[in-house]
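User: I would like to go through the charged pairs in this model. Could we start with the terms?
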Amino acid sequence: MTLSAAADINTPIDPATGLPDLDPYFRVVTGRTAVGQALLRRLVTPRGSLLGEPSYGLDVRGWTNETLDARALRRLESAAATELRRDERVDDVALTATFAGDVLRLDGRVRLVGSTVPLRLTLAINAVTAAVIAAEAT
């Protein structure tokens, strides 16, 4: 199923390395892929670092250097969900955060504006890499 989300030009992430994987043809990314990448970008961009958008971003990579007990994970879930709701394509978000080893994993459902089918989103983030593991209709 294809979700009707606006096209976005993005930098694809190589799932093997979690690093940017530039497409030499700079093709337009659409649908779930575009939304998943845009949401991941929001969560790895330090607030205030995007020119002209001082309130954009929440760099959750910094949380991976802290002791993430249950209370800290709930605070992270809330902060990340609030940041994702700032994307105009997102109507609502429910996230669950887990931390094992050095990998922060965010699993959730994203309800997109104008869509009745939620997006299942899974992000894996550590201090160095970030990747969209899944961005699919449920």
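Analyst: Buried means under 20% relative accessible area, exposed means over 50%, and partly exposed lies in between (1.4 Å probe, protein chains only). This is a predicted model, in which local features need pLDDT of at least 70 and side-chain atom pairs count only at pLDDT 80 or more, while totals for chains, interfaces and linings use all residues. Residues are numbered from 1 along each chain as its sequence is written, and side-chain values use heavy atoms, with hydrogens and water left out.

User: How many salt bridges does a search of the whole structure find?
Analyst: The search finds ten salt bridges, each being a side-chain nitrogen of Lys or Arg within 4 Å of a carboxyl oxygen of Asp or Glu.

User: What does arginine 120 form a salt bridge with?
Analyst: Its partner is glutamate 136, with the closest N and O atoms 2.2 Å apart. Arginine 120 lies in strand 3 (residues 119-125) and glutamate 136 in strand 4 (residues 130-137), so the pair ties together parts 16 residues apart in sequence. Strands here are DSSP runs (E, at least two residues), numbered from the N terminus.

User: Which side chain meets arginine 61?
Analyst: Aspartate 59 does, in a salt bridge of 2.8 Å, N to O. Arginine 61 is partly exposed, at 25% relative accessible area, and so is aspartate 59, at 24%.

User: Which residues are linked in a network?
Analyst: Salt bridges link Arg42, Arg47, Glu83 and Arg86 in a network.

Note on methods:
Helix = DSSP H or I, 4+ residues; strand = E, 2+ residues; numbered from the N terminus.
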